[in-house]
Amino acid sequence: MINEKYIRVLFVDMNTGKIRVELREDLMAYLGGVGIASRLLMENMNPELKPTDPEQPIVFAIGAGAYVFPVLTKTVAMFISPLTGELGESYAGARMAMAMLMAGYDALVITGKAKRHSYLSVSTDNVSVRDARAIWGLNVEETGHTLRNREHHKGDSIGKRAIIRIGPAGENGVSFACVCVDTYRHFGRLGLGAIMGSKNLKAVSIYGNRSIPILDHKKYFKVYQEIYKKCTSTDMMAKYHDAGTPINIMPLNQAGGLPTRNMQEGSFEAASDICGDSFAEKNLIRKMACTGCPVGCIHIGMYRREFDKGHEYEAINVSYDYELIFALGTFLGISSTDKIIALIDVVEKCGLDAMSTGVCLGWATDALKNGYISTEDTLVELEFGVYGGYIEAIKHLSDGTNAFYRNLGKGVKHAASKYGGGDFAMHVAGTEMAGYHTGYGSLVGAAVGARHSHLCNGGYSFDQESTKFDPDELVDKLFNEEIERCMTNSLVMCLFARKIYDRPTILEALNTIGWSLTDEDLTAIGRRILREKLLIKKALGFKQKSVKLPKRFFQTPSMNGVLNEETANMLIRKYSEKADELMNEAL
Amino acid sequence: MTVNFYGNIKKHTNGEGTYVPVNKTHSTLRDVLDELNVHFGDSFASFISDNEACLFLVNGKGIKHTGGLDTPVCNGDIINILPFVEAG
Ligand code: SF4
């Protein structure tokens with residue numbers, strides 16, 4: 001897409017092994033990333049079929065400007081979510097965007113189900129469906145080891161290759177199975193792992209060694225350096241490198257917005273034991289970066305695990321973030337950094353989404369205590385603060401050991417519909433909640449957001465602003481921010497760099513690599529993309545006005561006090577009217 | 001009344017973690033911040049005026065539903081100014 005007038009899309013049919021490449025001029029109107037992925041999802045999905053039907057597509061897309069400017073590091077995946085039955089959208093960093101760019105593809109569309117367990121190997125001059133029978137059943141880590149050895153490209157640095165893979169959870173169809181990207185990043189949310197599993201697709205290896213000429217190098221390099229400087233010499237991203245996202249634990253805890261013990265409370269008495277500083281002091285061993293990022297916010301923590309009697313130890317390394325500490329820490333009442341790392345490690349190896357896993361186990365703990373389920377269901381004791389049971393439960397969840405775990409593996413909403421306890425099953429429109437109980441912004445923002453994530457429109461930010469609550473203003477802010485993020489996610493930037501890439505910077509950057517865009521174009525692109533996503537959701541049967549939020553959101557005080565269900569529903573209605581208007585617009 | 005500072009805002013308070021307002025008759029959070037702006041100067045004032053820089057808590061609660069900066073305050077109140085929570 002750099003200095004070209006088309007988007008290059010690779011289509012792979014896993015059933016026949018056939019491939020084709022399309023050069024799509026029409027997709028330029030969607031810029032890149034989430035824009036082109038939405039359009040390709042809409043064109044290739046079949047709303048009549050279930051999400052795991054072989055016909056349903058997985059779309060990966062990189063952004064306009066991916067990798068050639070700092071922090072434009074992410075790849076977007078779009079699919080129909082097996083968790084919610086509607087729009088699936090997830091982002092991951094590491095090396096994938098760089099590898100796709102260097103391989104020569106802006107987007108990759110995978111359909112069909114392979115006849116046997118397979119993985120897909122994509123490189124600049126070759127695409128093949130390869131035998132994965134020997135690695136099927138291996139965990140995420142083992143799969144990574146094996147494929148790194150197998151997917152060698154002679155004489156070239158492994159730095160140009162990305163490997164994404166699923167674990168047993170994806171193979172077993174857990175609705176919130178994730179896809180691991182290059183060990184430390186993930187397409188975490190909404191169950192892409194299960195969709196890959198349903199296609200008999202264990203992994204995708206992407207390798208690229210193209211060289212891409214930059215036509216006006218002088219101009220490009222000037223803009224590059226300006227952005228680079230903003231990343232490295234200002235305060236704008238410093239905190240992400242320093243303590244990283246776990247820095248959020250203490251302020252959220254103090255504000256009462258940190259969901260604790262299945263959100264029975266909004267703060268955790270042991271927060272300081274598991275905050276960013278505690279992880280740094282006890283476990284941090286290094287920091288890493290996605291390729292193309294000069295910041296490096298990926299914090300790797302280590303702990304020494306005794307795996308057998310007789311002084312048998314091993315070192316466990318995982319990346320830790322705020323969301324993981326919330327989901328597998330405060331939400332389960334776990335107060336030790338080592339134990340949280342142990343839980344993250346099991347989740348990683350199984351290939352589960354950490355947030356959904358933690359929220360499901362939080363509900364199960366409450367449901368067990370309140371008699372909705374018994375230990376005959378859970379097979380282990382689950383108690384807030386006691387991590388041993390959770391380690392075993394995570395494995396059962398991944399393996400689908402019994403009917404209870406198979407139901408829980410379809411998400412907390414589904415499990416509560418079977419066993420009861422819906423009032424404290426902490427999901428928003430079927431997606432397990434994120435770690436922010438800050439107010440109407442976070443709650444309604446997730447309810448109306450296209451993928452029901454806190455990142456759709458950053459509603460938690462509006463809860464923290466010092467202006468007083470105004471329903472219409474909040475709805476406008478959520479709507480406008482969602483549109484803006486559709487545009488920025490078509491670049492696809494790491495959201496930590498939002499403030500670095502203001503609109504003038506975006507225009508300057510893209511216009512040095514072949515685009516000629518105006519500010520109005522960016523607005524139109526954002527609106528076009530959100531409209532497309534809303535139309536996909538509509539086609540899949542989603543109705544904003546029908547969202548019913550669990551009672552506990554209105555019982556446990558948020559950072560801004562107790563929320564009112566009627567007010568939340570009114571805000572959802574108002575947003576929904578704006579969404580309807582946008583869908584009816586001819587763009 | 002006590003104002004506590006946490007995280008990066010301390011760069012703008014000469015490292016001070018606490019301030020007790022001199023004027024005891026402040027009636028809103030805005031009045032307190034006006035005194036802080038005068039006391040700590042321009043860099044503090046411009047930092048807290050950024051809508052996405054700090055999170056204000058009065059007696060441990062957010063201020064969205066108590067009037068924003070017009071939230072009433074009185075003697076004995078604890079005002080905490082924390083780093084803004086961001087995610088990505
Ligand atoms: S800030 Fe972190 S997540 Fe974002 S691109 Fe850099 S390393 Fe990756």
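# Briefing on chains A and B

A429(A) sits in the loop between β16 (427-428) and β17 (431-432) of chain A. Helices (H or I, at least four residues) and strands (E, at least two) are DSSP runs, numbered from the N terminus. The structure is a predicted model, in which local features need pLDDT of at least 70 and side-chain atom pairs count only at pLDDT 80 or more, while totals for chains, interfaces and linings use all residues. Residues are numbered from 1 along each chain as its sequence is written, and chains are lettered from A and ligands numbered from 1 in the order in which they are written.

**Chain A overall**

- Chain A contains 22 helices and 17 strands. Its radius of gyration is 22 Å, close to the 25 Å that the globule rule gives for 587 residues, so chain A is as compact as a globular protein of that length. The radius is taken over C-alpha atoms, and the globule rule is 2.2 Å times the number of residues to the power 0.38.
- The C-alpha trace of chain A spans about 65 × 60 × 50 Å along its principal axes.
- Of the 587 residues in chain A, 58% are buried. A residue is buried if 20 or more other C-beta atoms lie within 10 Å of its own, exposed if 12 or fewer, and partly exposed in between, with C-beta atoms placed from the backbone.
- Among the contacts in chain A between residues at least 6 apart in sequence, 70% join residues at least 24 apart. Two residues are in contact if their C-beta atoms, placed from the backbone, lie within 7 Å.

**Backbone details in chain A**

- A429(A) has a phi near 55°, a positive value in a residue other than glycine. A429(A) is buried, with 20 other C-beta atoms within 10 Å.
- L190(A) also has a positive phi in a residue other than glycine, here near 75°. L190(A) lies in the loop between β11 (185-187) and α5 (192-198) of chain A, and L190(A) is buried, with 33 other C-beta atoms within 10 Å.
- L491(A) and V492(A) are joined by a cis peptide bond, with omega about -25°. V492(A) belongs to the loop between α19 (471-488) and α20 (503-511) of chain A.

**Domains of chain A**

- The domain assignment of chain A gives domain 1 (7-207) and domain 2 (239-373 + 384-394). Such bounds come from an automatic or database domain assignment.
- The centres of domain 1 and domain 2 of chain A, taken over C-alpha atoms, are 27 Å apart.
- In chain A, 27 residues of domain 1 are in contact with 18 residues of domain 2. On the side of domain 1 that touches domain 2, the elements that give two or more residues are α3 (140-150) and α4 (168-171) of chain A. α4(A) gives the most to that side, with three residues.
- The residues on the side of domain 1 of chain A that touches domain 2 divide into 16 nonpolar, seven polar and four charged. Ala, Val, Leu, Ile, Met, Phe, Trp, Tyr, Cys and Pro count as nonpolar, Asp, Glu, Lys and Arg as charged, and the others, Gly among them, as polar.

**A helix pair in chain A**

- Helix α21 (residues 519-539) and helix α22 (residues 565-584) of chain A pack at an angle of about 105°, with their axes 9 Å apart. The axes are lines fitted to C-alpha atoms, for helices over the stretch in contact, and angles run from 0 to 180 degrees between N-to-C directions.
- α21(A) and α22(A) are therefore roughly perpendicular to each other. Angles of 65 to 115 degrees count as roughly perpendicular, under 35 as roughly parallel, over 145 as roughly antiparallel and the rest as oblique.
- From α21(A), R527(A), L530(A), R531(A), L534(A), L535(A) and K538(A) meet A579(A), L582(A) and M583(A) of α22(A). This contact of α21(A) with α22(A) has six nonpolar, no polar and three charged residues.

**Chain B overall**

- Chain B has two helices and four strands, and from the N terminus on its elements run β-β-α-α-β-β. The radius of gyration of chain B is 12 Å, close to the 12 Å that the globule rule gives for 88 residues, so chain B is as compact as a globular protein of that length.
- The C-alpha atoms of chain B fill a box of roughly 40 × 30 × 20 Å along the principal axes.
- In chain B, 32% of the 88 residues count as buried.
- Of the contacts in chain B with a separation of 6 or more, 61% involve residues 24 or more positions apart.

**Contact between chains A and B**

- The contact takes 26 residues from chain A and 23 residues from chain B. On the side of chain A that touches chain B, the elements that give two or more residues are α8 (249-255) and α18 (459-464) of chain A.
- By class, that side of chain A has 11 nonpolar, 12 polar and three charged residues.
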